Amino acid sequence: VSTQSTWELILGREKMIGSKVWIIRHACSYFNLWVQWQAKLISEEELTPEEKKFVSSIVDMYDPKFVDAPLSLKGEGQAIAAQKIVNALPIRYIIVSPLRRALETARLVFDTHPLKSNIDVIVHPLIRETITNPDDIPYFTIKKNKEKYMKETALKFDFSLIEQYENQALYFLESIDEDVKEIAKKEALVKGEEHIHEIIAQMMTEKAKKVPKKMRRLETFSNSLKRAKIFAQWFYNTFLPAKKVKSEEVAIIGHSIFLSVMLAKEFKPHGKPIYEPIQNAQPFLGDISHLLKQATES
C-alpha cells in the first residue's frame, strides 16, 4: 500500500477538525510480551532466545525487571510497520512520554519520515503512564536516556520539561497516593534515589497481596485525569499558539491507560475510563479538547 493511498484511507475514516491530534500508543514492550505469553496468546516459538529467557525469569507482574521496560522485537516490528502511515502525515511536533517504550516507539516510527530532521520531539512528564506496574516507573537517569536518543536518531529530543524538576529521579512520585509517596521518599533517603524503582516495585508487590486487583494501582484514575486536564490546557492554550501549528500536525505518543483517560468522555464509578482498547503502534486521530471544559468546571 502506498503512503498516499494510506493517507487517503485515513482521511476517509477520520474527519479532520481543528481539535484533533494524532494519537499513537507505544509498540509492544517486554511487559506486554510477558502478558501475552502468560495468556497463551503467543507461543515460545514466536519468541527470540533473549525474549524467552526474559519472560521465563519473571516471577509476577510486579517483578522489578519490568521497570521502564524497552520494546520487544515484536514491538520494533510494529513500530517499523507504522512508518508507512506516519510518513504521509504532516507531523511537525511529537509529544512523547518519558518512559523508554514510548521514546523507542517515537524513534522507530518516525525514523524514515521525510521531514524527520525538522520534527521536534518534546518529552513531556505529564503524559507518562498511570502507575500500575513497575514498567510504568521511569528509569532513574534521565541523562542516560537523553544521551541515547540524541545519538541514535535525526529527531531532536527535548528533555527540558523533565530537567526543570529539582529532583529528576523522583519527579513521577508527584501523582501517586500521598501515603505511598511519603514512604517511598523515606526509603529512597535510606537506600539511595537510584533504587527508587526497586522500592516502588516492592511496594506494588506488598499492595497486591492485600487489596483487590482494581485497587492495586499506586496512582488513582482521578490523579491521572487531573494530569490529563493540565496537559490539555498546556497543549491547546500554550503549545499550539506558541508554535503556530494545527493540532493535526502533532503526534502524541503515550500509553493505553493514560491515553484512554485523556480520550474518554465517560468513566465507571471507580474512575476507570470507558474507551475501546487502544492497539499498539496504530496511529489514529483523537480529540482531547473536552478536557478543557472539564478543567474549567473543576
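Touching, or contact, means heavy atoms within 4.5 Å. Ile 119 sits in the loop between helix 6 (100-109) and strand 3. The helices here are DSSP runs of H or I with at least four residues, the strands are runs of E with at least two, and both are numbered from the N terminus. Ile 119 has a relative accessible area of 0%, so it is buried. For that word I use under 20% relative accessible area, with exposed for over 50% and partly exposed in between, taking a 1.4 Å probe and protein chains only.

A word on the model before I go on. It is a predicted one, where local features need pLDDT of at least 70 and side-chain atom pairs count only at pLDDT 80 or more, while totals for chains, interfaces and linings use all residues. Residues are numbered from 1 along each chain as its sequence is written, and side-chain values use heavy atoms, with hydrogens and water left out.

Now the whole chain. You can find 13 helices and six strands in it. Of its 298 residues, 53% are buried. If we take contacts between residues at least 6 apart in sequence, 79% of them join residues at least 24 apart. The chain exposes about 14,200 Å², and carbon and sulfur atoms supply 53% of that; the areas come from the Shrake-Rupley method with a 1.4 Å probe, and for residues only the protein chains shown count as cover.

Let's move to helix 11. Two packed helices are described by the angle between their axes and the distance between the axes. Helix 11 (residues 221-243) packs on helix 12 (residues 256-263) at about 65°, with the axes 9 Å apart. The axes are lines fitted to C-alpha atoms, for helices over the stretch in contact, and the angles run from 0 to 180 degrees between N-to-C directions. Helix 11 and helix 12 are therefore roughly perpendicular, a label for 65 to 115 degrees; under 35 is roughly parallel, over 145 roughly antiparallel, and the rest oblique. Their crossing is right-handed; that is the near helix turned clockwise from the far one by less than a right angle, with anticlockwise giving left-handed.

Who meets whom there? From helix 11 we have Phe 221, Ser 224, Leu 225, Arg 227, Ala 228 and Phe 231, and from helix 12 Ile 257, Phe 258, Val 261 and Met 262. By class, this contact has eight nonpolar residues, one polar and one charged. Here Ala, Val, Leu, Ile, Met, Phe, Trp, Tyr, Cys and Pro count as nonpolar, Asp, Glu, Lys and Arg as charged, and the others, Gly among them, as polar.

Helix 11 also packs on helix 13, at about 115° and with axes 8 Å apart. That makes helix 11 roughly perpendicular to helix 13, but this crossing is left-handed. Leu 225, Ala 228, Lys 229, Ala 232, Gln 233, Tyr 236 and Asn 237 of helix 11 meet Leu 291, Leu 292, Gln 294 and Ala 295 of helix 13. Seven of these are nonpolar, three polar and one charged. Leu 292 and Lys 229 have C-alpha atoms separated by 6.5 Å, though they are 63 residues apart along the chain.

Back to helix 12: six of its eight residues are buried, so the rest of the structure largely encloses it. Its cover includes strand 1, helix 11, strand 5 (250-254), strand 6 (284-287) and helix 13. Helix 2 (residues 30-38) is largely enclosed too, because seven of its nine residues are buried. Strand 1 (20-25), helix 3 (49-57) and helix 4 (73-81) are among what covers them.

Last, two loop residues for you to look at. Most residues other than glycine have a negative phi. Lys 40, in the loop between helix 2 and helix 3, has a positive phi of about 60°. Asp 68, in the loop between helix 3 and helix 4, has a positive phi near 50°. Which is buried and which exposed? Lys 40 counts as exposed at 73% relative accessibility, whereas Asp 68 is buried at 2%. Thanks, everyone!
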